[in-house]
Amino acid sequence: MKKMTVSLSGLTRQSILIVVLALFISCSSAPKRSMQVSTIYSSATEMIESANACILSGDYDKASFFLSAAESQAMSIDNYDLLTAAALARCSLKLSLNPPEVDEAQQYVDYAKKFVKNCADPKKQQAIVDLSQARVSIAKGSFNGNLDNIKKELKSDDYYSAQVLQVEGDVYKLKQDYAGADKAYTAAAKAFTDSRYLSEIGICWYKAAQARSLNGNKDGALQAMEQAIFYDRAAENSLGLGTDYYAVGLILIKGNPSANEKERAREAFIHSAEIFTSVNADELAKRSREAAEEIQ
């Protein structure tokens, strides 16, 4: 059998150049091999996001489970951004408990502070850590600083810009400036709505309702609670909804309620209990039922 050969004798110089150029382009267009593996990073990021969602919905056991997994993964790849995010999520978890575990929350903020200098964007991460420190200080009942530098550093981040507004509301509330708190919470709710962060919107309206109620604005507080209920329904936040209706009941019986307000409050407490029962939150359901029974 004769060996097959390719002869170039019949090709013109121009044809040869075309063939060579085609081979060169074919080789040079091959995709380059990636110099970064992100499998564990992506998994840990998803775990932290899931944990934060669980914190917002009140599912604290599941949040802790996700954070434990995220912390192990973050440490395994020595990623300081993930370690910082996980620590601050732990801080949020501790502050969300009833009663909040403030000392433990402070420990996680201190833990996060150690990672900042090694993060990809140290200035931004420092601002995020400072925002968490402000939340802890407010929970301790004392905040003497201001949020201006934090607000400036995080202004290009839609999520954290809205978070700063919410914490600003907490500062006003701590200082008993309830009108200022209402304004900040309402602005935060709008910012979260514009950026479509659904789970956070209901919390902002709930806090706005608290501020209005403390300021003696019962009708405004109830209007804010309507918004909280609307967005907690959209987020399918069952524990949030149960808490919303409980708050509606408390607002209605505040002061010298009319007979109509008492009946509406009783209905709100009962519905709160029904929602809590549906998700096996028995202690919370009991609290709501007892509130309904106490109305004379």
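The model is predicted.

Phe 192 belongs to the largest nonpolar core, which has 35 residues. Phe 192 is among the residues with the most contacts inside this core, together with Trp 205, Met 225, Val 248, Ile 251 and Phe 269. Seven helices are listed as giving two or more residues to it: H8 (158-174), H9 (178-194), H10 (198-214), H11 (218-234), H12 (238-252), H13 (259-278) and H14 (282-293). In soluble globular proteins, nonpolar side chains tend to be buried together.

## A second core

A separate core has 23 residues. Leu 95, Ala 105, Leu 154 and Val 164 are among them.

## Lys 207

Where does Lys 207 lie? Lys 207 is in helix H10. Its relative accessible area is 19%, under the 20% cut-off, so Lys 207 counts as buried.

Lys 207 touches Gln 166, Asp 170 and Tyr 185, not counting residues up to four places away in sequence. Lys 207 and Asp 182 are 25 residues apart in sequence. In space, their C-alpha atoms are 7.8 Å apart.

## The second largest pocket

This pocket has a volume of about 160 Å³. Its lining includes Ser 57, Gly 58 and Tyr 60. Glu 236, Asn 237, Ser 238 and Leu 239 also line the pocket. Val 279, Ala 281 and Leu 284 complete the lining. By class, the lining has 5 nonpolar, 4 polar and 1 charged residues.

Terms used. Residues are numbered from 1 along each chain as its sequence is written. This is a predicted model: local features need pLDDT of at least 70, side-chain atom pairs count only at pLDDT 80 or more; totals for chains, interfaces and linings use all residues. Side-chain values use heavy atoms; hydrogens and water are left out. On a 1 Å grid over the protein atoms alone, a cavity is a set of points where a 1.4 Å probe fits but cannot get out, and a pocket is an open set with protein on both sides within 12 Å along at least five of seven lines; lining residues have an atom within 4 Å of a point. Grid points are joined across faces, edges and corners, and a volume is the space filled by probe spheres set on the points. Ala, Val, Leu, Ile, Met, Phe, Trp, Tyr, Cys and Pro count as nonpolar, Asp, Glu, Lys and Arg as charged, and the others, Gly among them, as polar. A nonpolar core is a set of buried Ala, Val, Leu, Ile, Met, Phe, Trp, Tyr and Cys residues joined through side-chain atoms within 4.5 Å. Buried means under 20% relative accessible area, exposed over 50%, partly exposed in between (1.4 Å probe, protein chains only). Helices (H or I, at least four residues) and strands (E, at least two) are DSSP runs, numbered from the N terminus. Contact means heavy atoms within 4.5 Å.
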